[in-house]
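Subject: Structure handover

Hi,

Here is the structure for you to look at. My notes on what turned up follow below it.

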Amino acid sequence: QAMRVLFLCVANSARSQIAEGLAREKYAGFFDIVASAGSNPSGKVRPLAAVAMKEVGIDISSHASKALSTFDLNTFDFVVTLCAEEICPAAILKEREKHLHWPVEDPAVDIEGESEEQKLERFRVALKEIDKKLKDFVAEKAKKTD
């Protein structure tokens, strides 16, 4: 039984895009429909998010950042929020037991004096965290359907 999942963060430019790419490519047989959105979409995907994903063989360079309002949340089996420190678009989902919160620190923060490599490393860390959460989620759900 395939499932529909929506990943949310604020800008829909890094974490939720990474999650969408991983779920779609790495866990394709598990998810039927994969989407991502933001409560305040930036309009574009962070180039470093695309670089980090390309390193693991997934191309998200053609993804666009999308507004939460373009989706009907009730059509998804699970809605996953990925915000850690900022105001998450989670409030609107409080009633739903299918809302999962996986806080991942925002790799897209600008830290003065940081090199490109240090910035990219933050995206790699976020990608690893999200991948682990996805893997655990898929394993747990697979157990339940056995």
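β1 (3–9) and β2 (31–38) run parallel and are joined by seven bridges. Val 5 stands opposite Val 34 in β2. Strands here are DSSP runs of E, at least two residues, and helices are runs of H or I, at least four residues, each numbered from the N terminus.

Please keep in mind that this is a predicted model: local features need pLDDT of at least 70, side-chain atom pairs count only at pLDDT 80 or more, and totals for chains, interfaces and linings use all residues. Residues are numbered from 1 along each chain as its sequence is written, and side-chain values use heavy atoms, with hydrogens and water left out.

The sheet

Four strands make an open sheet, in the order β2-β1-β3-β4, with parallel pairing. Two strands count as paired if DSSP finds at least two bridges between them. β2 and β4 (99–101) are the edge strands, each with a single partner, so one side of each has no neighbour in the sheet. Neighbouring strands are turned by 20 degrees against each other on average, direction ignored. Axes are lines fitted to C-alpha atoms, for helices over the stretch in contact, and angles run from 0 to 180 degrees between N-to-C directions.

The helices

α1 lies across β1 and β2, at about 170 degrees to β2. Nine of the 11 residues of α1 are buried, so this helix is largely enclosed by the rest of the structure. Buried means under 20% relative accessible area, exposed over 50%, and partly exposed in between (1.4 Å probe, protein chains only). The buried residues of α1 include Arg 15 and Glu 20.

In α2, the buried residues are Leu 48, Ala 49, Ala 50, Ala 52 and Met 53. Just after α2, Gly 57 has a positive phi of about 80 degrees.

Asp 131 sits in α3. Its relative accessibility is 14%, so Asp 131 counts as buried. Leaving out residues up to four places away in sequence, Asp 131 touches Leu 22, Lys 26 and Tyr 27 (contact: heavy atoms within 4.5 Å).

The cores

A nonpolar core is a set of buried Ala, Val, Leu, Ile, Met, Phe, Trp, Tyr and Cys residues joined through side-chain atoms within 4.5 Å. The largest has 35 residues, and Phe 7, Phe 31, Leu 134 and Phe 137 have the most contacts inside it. α3 gives the most to this core, with eight residues. A second, separate core of eight residues includes Ala 35, Leu 73, Phe 76 and Val 79.

Best wishes
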